[in-house]
Amino acid sequence: MDLTFVKRGGKYDELTISRADGTTETIACPKQGIIPHDMIHVAVESVLAHRGFLTLVAEGQAVDFDTGGAQEDHAVERLVEVFQAEMWGGRVPVADLIATYEHACAARGHDAASISAEDIAAIRTRLDELTGQWADVPMNGGLTVTL
């Protein structure tokens with residue numbers, strides 16, 4: 001599946017999702033001062049074997065689907081949120097990131113997915129790559145990544 005993120009003016013960027021079956025969907029991505037939220041999903045879901053938002057979309061779900069409370073989907077979303085917070089606030093020790101992730105999952109009433117220090121390092125590396133690539137995208141330009 002190809003994901004094309006387009007840097008737009010105003011409050012929103014744009015994401016066009018192109019599935020292997022030829023179908024596409026475009027969604028607005030609220031600007032947040034770092035890479036788009038769904039680009040963080042790319043980093044997390046390209047490293048981990050857990051199913052999250054983009055994996056489900058690749059499998060045919062519409063972008064506005066409701067997971068229906070699936071534990072794994074929610075666990076991936078919490079992990080994306082933890083990495084997003086880290087990108088806003090700065091890197092923290094691995095143990096602190098894992099503890100924050102586990103706490104976030106517990107607060108929402110679901111289990112955390114298994115994640116190792118090696119997974120975190122790989123996700124951070126991918127986030128650094130995507131951040132650098134996104135910074136180089138001009139206004140109305142795009143960045144296409146494959147998941």
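The structure is a predicted model, in which local features need pLDDT of at least 70 and side-chain atom pairs count only at pLDDT 80 or more, while totals for chains, interfaces and linings use all residues. Residues are numbered from 1 along each chain as its sequence is written, and side-chain values use heavy atoms, with hydrogens and water left out.

**Overall architecture**

The chain contains five helices and four strands, where helices (H or I, at least four residues) and strands (E, at least two) are DSSP runs numbered from the N terminus. Along the sequence these elements follow the order β-β-β-α-α-α-α-α-β. Of the 147 residues in the chain, 41% are buried; buried means under 20% relative accessible area, exposed over 50%, and partly exposed in between (1.4 Å probe, protein chains only). Among contacts (heavy atoms within 4.5 Å) in the chain with a separation of 6 or more, 58% join residues 24 or more positions apart.

Helix H1 is mostly covered, with eight of its 11 residues buried. These are Asp38, Met39, Ile40, His41, Val42, Ala43, Val44 and Glu45.

**Packing of H4 and H5**

Helix H4 (residues 94-107) packs against helix H5 (residues 117-135) at an angle of about 95°, and their axes lie 10 Å apart. Axes are lines fitted to C-alpha atoms, for helices over the stretch in contact, and angles run from 0 to 180 degrees between N-to-C directions. The two helices H4 and H5 are therefore roughly perpendicular to each other, given that angles of 65 to 115 degrees count as roughly perpendicular, under 35 as roughly parallel, over 145 as roughly antiparallel and the rest as oblique. H4 contributes Val94, Leu97 and Ile98 to the contact, and H5 contributes Ala117, Ile120 and Arg124. By class, the residues of this contact of H4 with H5 comprise five nonpolar, no polar and one charged. In this scheme Ala, Val, Leu, Ile, Met, Phe, Trp, Tyr, Cys and Pro count as nonpolar, Asp, Glu, Lys and Arg as charged, and the others, Gly among them, as polar.

**The loop between S3 and H1**

Lys31 lies in the loop between strand S3 (24-30) and helix H1 (37-47). Not counting residues up to four places away in sequence, Lys31 touches Lys7, Arg8, Gly9, Gly10, Lys11, Tyr12 and Asp13. The C-alpha atoms of Lys31 and Tyr12 are 5.2 Å apart, although 19 residues separate the two along the chain. The side chain of Lys31 also makes a polar contact with that of Asp13 at 2.6 Å; such a contact is a pair of N or O atoms within 3.5 Å, where within protein one must be able to donate a hydrogen and the other to accept it, and residues adjacent in sequence count only if both atoms are side-chain atoms.

Gln32 is found in the loop between S3 and H1. Leaving aside neighbours within four places in sequence, Gln32 contacts His37, Ile40, Gln84 and Trp88. Gln32 and Trp88 are 56 residues apart in sequence and 9.1 Å apart in space, C-alpha to C-alpha.

**Arg78 and the cysteines**

Arg78 is placed in helix H3 (residues 71-89). Beyond its neighbours within four places in sequence, Arg78 is in contact with Tyr101, Ala104, Cys105, Arg108 and His110. A search of the whole structure finds zero disulfides, a disulfide being a pair of cysteine sulfur atoms within 2.5 Å.

Relative accessibilities of the residues discussed are as follows.

| Residue | Relative accessible area | Class |
|---|---|---|
| Cys29 | 4% | buried |
| Lys31 | 34% | partly exposed |
| Gln32 | 21% | partly exposed |
| Arg78 | 5% | buried |
| Cys105 | 0% | buried |
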